[in-house]
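Open the structure in your viewer and keep the selection tool at hand. The tour makes a few stops, each with something to select.

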Amino acid sequence: LYWLARMLAGGEDPRYVLRRLTRFASEDIGLADPQALPQALACWNAYDRMGSPEGELAVAQCIVYLATAPKSNAVHKGFAAAERTARTTGSLTPPAHILNAPTELMKNLGNGAGYAYDHDSADGFSGQNYFPDAMERQRFYQPIERGFEREIIKRLAWWEKLRKRRGSSA
């Protein structure tokens, strides 16, 4: 709050501060607190609706919320890893089972064949592989034991258990 007060007293545009706070909510808090990004956007919206000086309280609220939120940059790191992999693997074709087949030709080419709809399985998870056939399944996002990511870790572990139970490398 002190640095916000200093920046505003120095003439900094509150929208610049809100832009940086929104990036902070996504990059440094991420899914450790999934409400950080909506909170930042709501505060930005409130500031835009009220303007100064009333809207500056919304900026202060955003700062307090984000400062006290659990932190994780796991999404940021995972996306960076996915970008590196995408650059090195090039334009690999998606697996045929996830491609639509609106024409007879596409059906004959195998598009959509073997697709498993998650909701048709008893546990709502097919375990199918959605990576290109020429690429091993990878896990880019590595959640940490902090905030909501603890719950995500449980979900990922459950899905991995289901894959192993089914003997699937999907």
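For the residue classes used on this tour, Ala, Val, Leu, Ile, Met, Phe, Trp, Tyr, Cys and Pro count as nonpolar, Asp, Glu, Lys and Arg as charged, and the others, Gly among them, as polar. Keep in mind that this is a predicted model.

Start with the largest pocket, which holds about 320 Å³ of space. Select Arg137, Gln138, Arg139, Leu156 and Arg163, the closest to its centre among the 13 residues that line this pocket. By class, its lining has six nonpolar, three polar and four charged residues.

Next, go to the second largest pocket, with a volume of about 150 Å³. Select Leu1, Trp3, Leu4, Met7, Tyr16, Val17, Arg20, Leu21 and Ile63 to show its lining. Eight of these residues are nonpolar, none is polar and one is charged. Which helix gives the most to this lining? It is α2, with four residues. Helix α1 (2–9) also supplies at least two.

Now select helix α2 (residues 14–29) together with helix α3 (residues 36–50). Their axes lie 8 Å apart, and the helices pack at an angle of about 170°. Angles over 145 degrees count as roughly antiparallel, so α2 and α3 are roughly antiparallel to each other.

To see the contact, show the side chains on both helices. On α2, select Pro14, Arg15, Leu18, Arg19, Leu21, Thr22, Ala25, Ser26 and Ile29. On α3, select Ala36, Leu37, Ala40, Leu41, Cys43, Trp44, Tyr47 and Asp48. Coloured by class, the residues of this contact divide into 12 nonpolar, two polar and three charged. Leu21 of α2 belongs to this contact and also lines the second largest pocket.

Terms used: Residues are numbered from 1 along each chain as its sequence is written. This is a predicted model: local features need pLDDT of at least 70, side-chain atom pairs count only at pLDDT 80 or more; totals for chains, interfaces and linings use all residues. Side-chain values use heavy atoms; hydrogens and water are left out. Axes are lines fitted to C-alpha atoms, for helices over the stretch in contact, and angles run from 0 to 180 degrees between N-to-C directions. Angles under 35 degrees count as roughly parallel, over 145 as roughly antiparallel, 65 to 115 as roughly perpendicular and the rest as oblique. Contact means heavy atoms within 4.5 Å. On a 1 Å grid over the protein atoms alone, a cavity is a set of points where a 1.4 Å probe fits but cannot get out, and a pocket is an open set with protein on both sides within 12 Å along at least five of seven lines; lining residues have an atom within 4 Å of a point. Grid points are joined across faces, edges and corners, and a volume is the space filled by probe spheres set on the points.
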